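I opened the model to take notes on its fold. My plan was to go from the overall layout to single residues.

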Amino acid sequence: MGDCPRPMGDKCQHEHFMQKAIKLAKQAADAMEVPVGCVIVHNGEIIGEGYNQRNTKGNTLYHAEISAINTACNHLGDWRLEGCTIYVTLEPCPMCAGAILQARLPRLVFGAANPKAGAVGSVVNLLDVDGFNHKVDVTTGVLEAQCAQLMKDFFAKFRRKSGDGCGNL
Ligand SMILES: [Zn+2]
(Lines give C-alpha, C1' and ligand atoms only; values in the text may rest on other atoms or scores of the structure.)
Protein backbone atom coordinates (compact mmCIF):
# COMPACT_ATOMS: atom_id res chain seq x y z
CA MET A 1 0.00 0.00 0.00
CA GLY A 2 2.22 2.74 -1.28
CA ASP A 3 -0.32 5.44 -0.54
CA CYS A 4 -0.27 4.99 3.20
CA PRO A 5 2.64 6.18 5.34
CA ARG A 6 1.32 4.47 8.44
CA PRO A 7 3.36 1.60 9.80
CA MET A 8 0.49 -0.81 9.41
CA GLY A 9 0.34 -4.05 7.54
CA ASP A 10 -2.06 -4.31 4.63
CA LYS A 11 -4.60 -6.30 6.56
CA CYS A 12 -4.52 -4.04 9.58
CA GLN A 13 -4.96 -0.94 7.44
CA HIS A 14 -7.77 -2.56 5.49
CA GLU A 15 -9.61 -3.43 8.70
CA HIS A 16 -9.09 0.06 10.10
CA PHE A 17 -10.73 1.72 7.12
CA MET A 18 -13.40 -0.96 6.75
CA GLN A 19 -14.45 -0.19 10.32
CA LYS A 20 -15.08 3.40 9.19
CA ALA A 21 -17.15 2.14 6.28
CA ILE A 22 -19.13 -0.10 8.66
CA LYS A 23 -19.89 2.94 10.84
CA LEU A 24 -21.31 4.70 7.80
CA ALA A 25 -23.33 1.61 6.86
CA LYS A 26 -24.90 1.73 10.32
CA GLN A 27 -25.98 5.32 9.64
CA ALA A 28 -27.75 4.01 6.55
CA ALA A 29 -29.45 1.27 8.59
CA ASP A 30 -30.59 3.86 11.15
CA ALA A 31 -32.32 5.70 8.30
CA MET A 32 -33.99 2.44 7.14
CA GLU A 33 -31.70 2.26 4.14
CA VAL A 34 -29.93 -0.91 2.98
CA PRO A 35 -26.73 -0.68 5.08
CA VAL A 36 -23.84 -0.01 2.74
CA GLY A 37 -20.99 2.33 3.74
CA CYS A 38 -17.93 3.51 1.86
CA VAL A 39 -14.75 5.51 2.42
CA ILE A 40 -12.03 6.61 -0.01
CA VAL A 41 -8.49 6.88 1.31
CA HIS A 42 -5.63 8.94 -0.10
CA ASN A 43 -2.22 9.11 1.57
CA GLY A 44 -3.63 7.39 4.63
CA GLU A 45 -6.39 9.98 5.00
CA ILE A 46 -10.12 9.62 4.38
CA ILE A 47 -11.02 12.10 1.64
CA GLY A 48 -14.43 10.75 0.68
CA GLU A 49 -17.25 8.99 2.43
CA GLY A 50 -20.80 7.98 1.78
CA TYR A 51 -23.59 5.64 2.71
CA ASN A 52 -26.63 4.42 0.89
CA GLN A 53 -29.32 7.14 0.81
CA ARG A 54 -31.40 5.89 -2.09
CA ASN A 55 -34.73 6.10 -0.25
CA THR A 56 -33.91 9.24 1.73
CA LYS A 57 -32.99 11.10 -1.44
CA GLY A 58 -35.53 9.34 -3.64
CA ASN A 59 -32.77 8.89 -6.18
CA THR A 60 -31.17 5.71 -7.46
CA LEU A 61 -27.76 7.41 -7.82
CA TYR A 62 -27.23 7.79 -4.07
CA HIS A 63 -25.32 4.58 -3.53
CA ALA A 64 -22.56 4.73 -0.91
CA GLU A 65 -19.77 4.49 -3.49
CA ILE A 66 -21.15 7.25 -5.72
CA SER A 67 -21.48 9.63 -2.76
CA ALA A 68 -17.94 8.78 -1.62
CA ILE A 69 -16.53 9.30 -5.13
CA ASN A 70 -18.38 12.61 -5.27
CA THR A 71 -16.84 13.91 -2.04
CA ALA A 72 -13.38 12.57 -2.93
CA CYS A 73 -13.45 14.31 -6.33
CA ASN A 74 -14.53 17.55 -4.66
CA HIS A 75 -11.69 17.17 -2.17
CA LEU A 76 -9.00 16.57 -4.81
CA GLY A 77 -10.55 18.84 -7.44
CA ASP A 78 -10.05 16.07 -9.96
CA TRP A 79 -12.26 13.43 -11.56
CA ARG A 80 -9.33 11.01 -11.43
CA LEU A 81 -8.90 9.31 -8.08
CA GLU A 82 -5.48 7.94 -8.87
CA GLY A 83 -3.53 6.78 -5.83
CA CYS A 84 -6.72 6.26 -3.82
CA THR A 85 -8.27 3.13 -2.32
CA ILE A 86 -12.03 2.71 -2.07
CA TYR A 87 -13.39 0.67 0.84
CA VAL A 88 -16.97 -0.52 0.76
CA THR A 89 -18.86 -2.90 3.03
CA LEU A 90 -20.64 -4.68 0.16
CA GLU A 91 -19.54 -5.80 -3.30
CA PRO A 92 -20.33 -2.93 -5.70
CA CYS A 93 -23.26 -3.07 -8.13
CA PRO A 94 -22.73 -2.50 -11.90
CA MET A 95 -23.28 1.26 -11.60
CA CYS A 96 -20.71 1.64 -8.84
CA ALA A 97 -18.19 -0.74 -10.43
CA GLY A 98 -18.53 1.43 -13.56
CA ALA A 99 -17.92 4.58 -11.53
CA ILE A 100 -14.84 2.98 -9.95
CA LEU A 101 -13.49 2.32 -13.44
CA GLN A 102 -14.35 5.81 -14.65
CA ALA A 103 -12.67 7.42 -11.63
CA ARG A 104 -9.56 5.33 -12.37
CA LEU A 105 -9.48 4.08 -8.80
CA PRO A 106 -6.55 1.68 -8.63
CA ARG A 107 -7.72 -0.30 -5.59
CA LEU A 108 -11.01 -1.61 -4.23
CA VAL A 109 -11.45 -3.34 -0.89
CA PHE A 110 -14.86 -4.77 -0.04
CA GLY A 111 -16.32 -6.76 2.83
CA ALA A 112 -19.23 -9.00 1.91
CA ALA A 113 -20.07 -10.42 -1.49
CA ASN A 114 -23.45 -9.58 -3.01
CA PRO A 115 -24.61 -12.77 -4.78
CA LYS A 116 -27.73 -11.13 -6.26
CA ALA A 117 -26.31 -7.88 -7.62
CA GLY A 118 -22.53 -7.83 -7.26
CA ALA A 119 -20.55 -6.75 -10.30
CA VAL A 120 -17.09 -7.62 -8.98
CA GLY A 121 -17.20 -11.37 -9.26
CA SER A 122 -20.66 -12.49 -8.08
CA VAL A 123 -22.93 -11.89 -11.08
CA VAL A 124 -20.30 -10.44 -13.42
CA ASN A 125 -16.84 -8.98 -12.91
CA LEU A 126 -16.65 -5.57 -14.54
CA LEU A 127 -13.28 -4.89 -12.92
CA ASP A 128 -11.61 -7.77 -14.69
CA VAL A 129 -12.51 -7.38 -18.34
CA ASP A 130 -9.65 -7.69 -20.80
CA GLY A 131 -11.16 -5.11 -23.17
CA PHE A 132 -11.06 -2.29 -20.60
CA ASN A 133 -7.71 -0.60 -20.31
CA HIS A 134 -8.11 0.23 -16.60
CA LYS A 135 -7.55 -2.58 -14.13
CA VAL A 136 -8.48 -2.47 -10.46
CA ASP A 137 -6.65 -4.35 -7.75
CA VAL A 138 -9.42 -5.98 -5.70
CA THR A 139 -9.25 -7.30 -2.13
CA THR A 140 -12.32 -9.11 -0.84
CA GLY A 141 -13.52 -10.45 2.48
CA VAL A 142 -12.18 -7.72 4.79
CA LEU A 143 -14.31 -7.89 7.98
CA GLU A 144 -16.63 -9.98 5.85
CA ALA A 145 -18.61 -11.46 8.76
CA GLN A 146 -19.40 -8.03 10.21
CA CYS A 147 -20.34 -6.59 6.84
CA ALA A 148 -22.60 -9.56 6.04
CA GLN A 149 -24.20 -9.42 9.47
CA LEU A 150 -25.21 -5.78 8.89
CA MET A 151 -27.18 -6.90 5.84
CA LYS A 152 -28.72 -9.91 7.60
CA ASP A 153 -29.82 -7.83 10.58
CA PHE A 154 -31.28 -5.15 8.33
CA PHE A 155 -33.29 -7.50 6.16
CA ALA A 156 -34.52 -9.49 9.16
CA LYS A 157 -35.85 -6.24 10.66
CA PHE A 158 -37.21 -5.05 7.32
CA ARG A 159 -39.12 -8.28 6.73
CA ARG A 160 -40.61 -8.17 10.20
CA LYS A 161 -41.84 -4.62 9.61
CA SER A 162 -43.16 -4.88 6.09
CA GLY A 163 -43.74 -8.55 5.54
CA ASP A 164 -41.95 -8.08 2.25
CA GLY A 165 -39.47 -10.81 1.53
CA CYS A 166 -37.65 -8.93 -1.18
CA GLY A 167 -34.01 -8.56 -0.29
CA ASN A 168 -32.82 -7.37 -3.66
CA LEU A 169 -30.58 -4.36 -3.87
ZN1 LIG B 1 -23.96 0.66 -6.35
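**Ground rules**

I am working on a predicted model, where local features need pLDDT of at least 70, side-chain atom pairs count only at pLDDT 80 or more, and totals for chains, interfaces and linings use all residues. Residues are numbered from 1 along each chain as its sequence is written.

**Layout**

I looked up the secondary structure and found five helices and five strands. Helices (H or I, at least four residues) and strands (E, at least two) are DSSP runs, numbered from the N terminus. From that end, I read the order as α-β-β-α-α-β-α-β-β-α.

I then checked burial. A residue is buried if 20 or more other C-beta atoms lie within 10 Å of its own, exposed if 12 or fewer, and partly exposed in between; C-beta atoms are placed from the backbone. Of the 169 residues, 40% count as buried.

Next came contacts, meaning pairs with C-beta atoms, placed from the backbone, within 7 Å. Among contacts between residues at least 6 apart in sequence, 56% join residues at least 24 apart.

**The sheet**

Two strands pair if DSSP finds at least two bridges between them.

I went through the pairs. E1 and E2 run antiparallel, joined by six bridges. His42 has Glu45 in E2 as its bridge partner. The hairpin of E1 and E2 has two residues between the strands, and Asn43 there takes a positive phi near 50°. E1 is also antiparallel to E3, with five bridges. E3 and E4 run parallel, again through five bridges.

**Helix H1**

H1 (residues 10–30) has 21 residues and reaches 30 Å from its first C-alpha to its last, close to the expected 30 Å. The expected span is 1.5 Å times one less than the number of residues. Its buried residues include Phe17, Met18, Ala21, Ile22 and Ala25. An α-helix has 3.6 residues a turn, so residues three or four places apart point the same way. After H1 comes Met32, with a positive phi near 60°.

**Helix H3**

H3 has 13 residues and reaches 18 Å, close to the 18 Å expected. Gly77 follows H3, with a positive phi near 65°.

**The core**

A nonpolar core is a set of buried Ala, Val, Leu, Ile, Met, Phe, Trp, Tyr and Cys residues joined through C-beta atoms within 7 Å. The largest one has 47 residues, and those with the most contacts inside it are Ala21, Cys38, Ile86 and Tyr87. Elements giving two or more residues to this core include H1, E1 (37–42), H3 (64–76) and E3 (84–90). H1 gives the largest share, eight residues.

What does Tyr87 touch, not counting residues up to four places away in sequence? I listed Phe17, Met18, Ala21, Cys38, Val39, Val41 and Val109.

**Two loop residues**

Is Val142 buried or exposed? Val142 sits in the loop between E5 and H5. It counts as buried because it has 24 C-beta neighbours inside 10 Å. Leaving out residues up to four places away in sequence, Val142 touches His14, Glu15, Met18, Val109 and Gly111. Its C-alpha is 9.8 Å from that of Cys12, 130 residues apart along the chain.

Asp128 lies in the loop between E4 (107–112) and E5 (137–139). Asp128 counts as exposed because it has 12 C-beta neighbours inside 10 Å. The C-alpha atoms of Asp128 and Val138, 10 residues apart along the chain, are separated by 9.4 Å.

Terms used: Contact = placed C-beta atoms within 7 Å.
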